[in-house]
Amino acid sequence: MHSKMRQEPDLLSTKDKKTVQVINIGIIISFFLILVSSLWSLKSLKSEYSFEQFFPANDKRVVDDLHINQKFKLNEKSDVVLILKNRKSWLQKKEMSLLKSYTLALRQFQEVDQVFSMSVLEGSFEANKQLYVGQLFESVPVKFWPKLVNSHSLIKPHMLSQSGTTTLMLIRLKKNEASILESFRGRLKTYTGKYYPKIEFEFGGIPAIQADLSILLNKELLRSLIISFFIFTTGLFLVFKNFSGVMIPILALLSVNTIAVGLLAARALFRFLRE
C-alpha cells in the first residue's frame with residue numbers, strides 16, 4: 001500500500017512571493033552598485049607616510065630638516081631639495097652661468113612649479129661705495145663674489161658649501177605624489193646626463209624621502225598580499241578540493257574588501273572636497 005506524500009502548505013501568497021523577489025533583486029542591485037562605486041573610488045585612494053613617524057623627535061635629521069624648512073620657508077609637502085655637485089667651484093663666471101642655465105631649464109619641466117638657486121638670487125649689495133641691485137651674481141662683479149657670499153646669510157653656509165663645489169637648488173613640484181616625483185627623477189637624470197654632464201645631483205627634502213618610503217612600503221605590501229593570497233587559496237583547495245569551493249569564498253572576500261577600501265577612499269575624497 002502506497003502512502004501519498006503530504007504536501008506542505010504554501011504559507012506565502014503570490015503577492016508575498018513577488019514582494020520577496022523584488023526585495024532580493026533590490027539587494028543584488030544595491031550590492032552591485034556599491035561594488036561598482038567602490039571600484040571607482042579606489043582610483044582616488046593613495047597612501048602617504050609621514051617622515052617624522054620613522055625617526056625620533058630629537059633625531060638630528062629631523063631637527064636639521066625643520067631648521068632648513070624654517071630658514072628657506074619651504075613647503076614640506078611639495079618642496080624638493082636638489083644637491084648639485086660640480087668639479088669646479090661655482091664661484092666662477094662660467095660655472096655660475098651653467099647653474100643659471102640649469103635652473104632655467106628645470107623650470108620648463110611639466111612637473112615643476114618653481115625652481116630657485118643662488119644663480120637667480122635677487123637683492124642688493126654694496127662694494128667700493130657702489131650699490132648693486134637685482135640678480136646679485138649678474139650685477140656684482142666676479143671679484144666681489146667671495147665678499148658677497150661671506151656677507152650673505154642665505155648663501156653661506158645654507159646654499160653653498162665651504163669648498164664652493166656643492167650648492168642647493170630648491171624645486172617646488174605642482175603635485176606631491178610619489179609617482180610624479182619618481183617620474184621627474186628619472187627624466188631629470190636622463191636630461192642632466194645628456195645636456196649637463198658636468199653636474200652631479202642628489203635628491204633631498206621630505207617629499208623625496210616620503211616617495212622612497214612609499215615605493216618601498218608599497219612593494220612590501222604587494223609582496224605580502226601575493227604570498228597571503230597564495231597561502232589562502234592553497235588552504236581552501238586542500239579543504240574543499242574543487243573549483244567552486246575555492247572561488248566562492250575568494251569572490252566574497254574580494255568583494256567585501258573592495259567595498260571596504262572603496263568606502264574609505266570615498267570618505268577621504270568627500271572630506272577633501274568639503275575642505
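**Fold and charged residues**

Author: In this predicted model, the elements of the protein chain follow the order α-α-β-α-β-β-β-α-α-β-α-β-α-α from the N terminus on.

Reader: What percentage of the residues in the protein chain is buried?

Author: The protein chain exposes about 19,100 Å², of which carbon and sulfur atoms supply 62%. The protein chain has 275 residues, and the buried share of them is 32%.

Reader: Where does Lys-88 lie, and is it buried or partly exposed?

Author: Lys-88 belongs to the loop between strand E1 (79-85) and helix H3 (93-106). Together with Arg-87, Lys-94 and Lys-198, Lys-88 forms a positive surface patch. Because its relative accessible area is 44%, between the cut-offs of 20% and 50%, Lys-88 counts as partly exposed.

Reader: Which side chain of opposite charge is nearest to Glu-95, and why is there no salt bridge?

Author: Glu-95 has its place in helix H3 and is buried. Leaving aside neighbours within four places in sequence, Glu-95 is in contact with Asn-86, Lys-88, Ser-89 and Trp-90. A salt bridge requires a side-chain nitrogen of Lys or Arg within 4 Å of a carboxyl oxygen, so Glu-95 has none: its nearest side chain of opposite charge is 4.5 Å away, and that side chain is Lys-88.

Note on methods
Residues are numbered from 1 along each chain as its sequence is written. This is a predicted model: local features need pLDDT of at least 70, side-chain atom pairs count only at pLDDT 80 or more; totals for chains, interfaces and linings use all residues. Side-chain values use heavy atoms; hydrogens and water are left out. Patches are made of residues with over 30% relative accessible area and no salt bridge: like charges are joined within 9 Å, nonpolar side chains (Val, Leu, Ile, Met, Phe, Trp, Tyr) within 5 Å. Accessible areas come from the Shrake-Rupley method with a 1.4 Å probe; for residues, only the protein chains shown count as cover. Lys and Arg count as positive and Asp and Glu as negative; His and the chain ends are not counted. The place of a charge is taken as NZ of Lys, CZ of Arg, CG of Asp or CD of Glu. Helices (H or I, at least four residues) and strands (E, at least two) are DSSP runs, numbered from the N terminus. Buried means under 20% relative accessible area, exposed over 50%, partly exposed in between (1.4 Å probe, protein chains only). Contact means heavy atoms within 4.5 Å.
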